[in-house]
Amino acid sequence: MAWLACGVLMPAAAQGVNSVPLQQRSAHAQEPRVTVNIPAQPLLSALRAFGLQTQSQVLFHEALLSGRQAVAVYGAYTPQEALELLLASTGLTIGTVRARSFTLKVVQSVPQTSRMLRWSMPAIAIS
């Protein structure tokens with residue numbers, strides 16, 4: 001299986017490149033803000049523009065992008081903030097982060113039955 005990096009084919013060995021989960025990223029690592037100017041467009045094109053404008057690399061399976069549309073992102077953001085905004089409403093999120101290299105993954109949704117149980121009211125007994 002191969003990964004794509006902003007449209008550039010990467011060997012399967014690249015899978016291990018981004019092994020630091022987003023949650024484990026150092027809170028002290030403050031990245032500089034970069035001005036991005038990415039109009040709404042197909043996600044693949046948007047990721048290419050993101051990579052060029054932020055000097056970042058995004059690794060993904062090509063099938064993940066099929067039919068997905070990116071929202072417009074304009075302004076000064078860290079690369080991670082810009083990518084999070086770019087992915088809004090695509091059903092994808094950042095999987096792992098390492099330096100200026102990111103992987104994408106499908107957003108994990110809560111099963112319908114779990115949501116219903118969490119928000120259901122307790123039973124009331126009337127006597």
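Helices (H or I, at least four residues) and strands (E, at least two) are taken from DSSP runs and numbered from the N terminus. The model described here is predicted.

Q55 sits in the loop that joins α1 (43-54) to β5 (57-60). Although Q55 is not a glycine, its phi is positive, at about 55°. The relative accessibility of Q55 is 62%, and this residue therefore counts as exposed, the cut-off for that class being over 50%. A99 is placed in the loop between β8 (92-98) and β9 (101-106). Its phi is near 55°, again a positive value in a residue other than glycine. A99 has a relative accessible area of 63% and is therefore exposed.

T78 is found between β7 (73-77) and α3 (79-86), in the loop that links them. With a relative accessibility of 13%, T78 counts as buried, because burial requires a value under 20%. When residues up to four places away in sequence are not counted, T78 touches E31, P32 and R33. T90 belongs to the loop between α3 and β8. T90 has a relative accessibility of 6%, so T90 is also classed as buried. Apart from neighbours within four places in sequence, the residues in contact with T90 are L43, R68, Q69 and A70.

The packing of α1 against α3 was then considered. The axes of these two helices come within 11 Å and cross at roughly 165°. This angle makes α1 roughly antiparallel to α3, because angles over 145 degrees fall in that class. The crossing of α1 past α3 is right-handed. On the α1 side, the contact is made by A46, L47, F50 and T54, while α3 contributes P79, A82, L83 and L86. By residue class, the contact of α1 with α3 comprises seven nonpolar residues, one polar residue and no charged residue.

T78 and T90, by contrast, are buried. The helices α1 and α3 lie roughly antiparallel, and their contact includes seven nonpolar residues.

Methods
Residues numbered from 1 in each chain as written. Predicted model: local features only at pLDDT ≥ 70, side-chain atom pairs only at ≥ 80, totals over all residues. Heavy atoms only, no water. Buried < 20%, exposed > 50% of the residue type's maximum accessible area, 1.4 Å probe, protein only. Contact = heavy atoms within 4.5 Å. Axes fitted to C-alpha atoms, helices over the stretch in contact; angles between N-to-C directions. Parallel < 35°, antiparallel > 145°, perpendicular 65-115°, else oblique. Left-handed = near helix turned anticlockwise from the far one by under 90°. Nonpolar A, V, L, I, M, F, W, Y, C, P; charged D, E, K, R; others polar.
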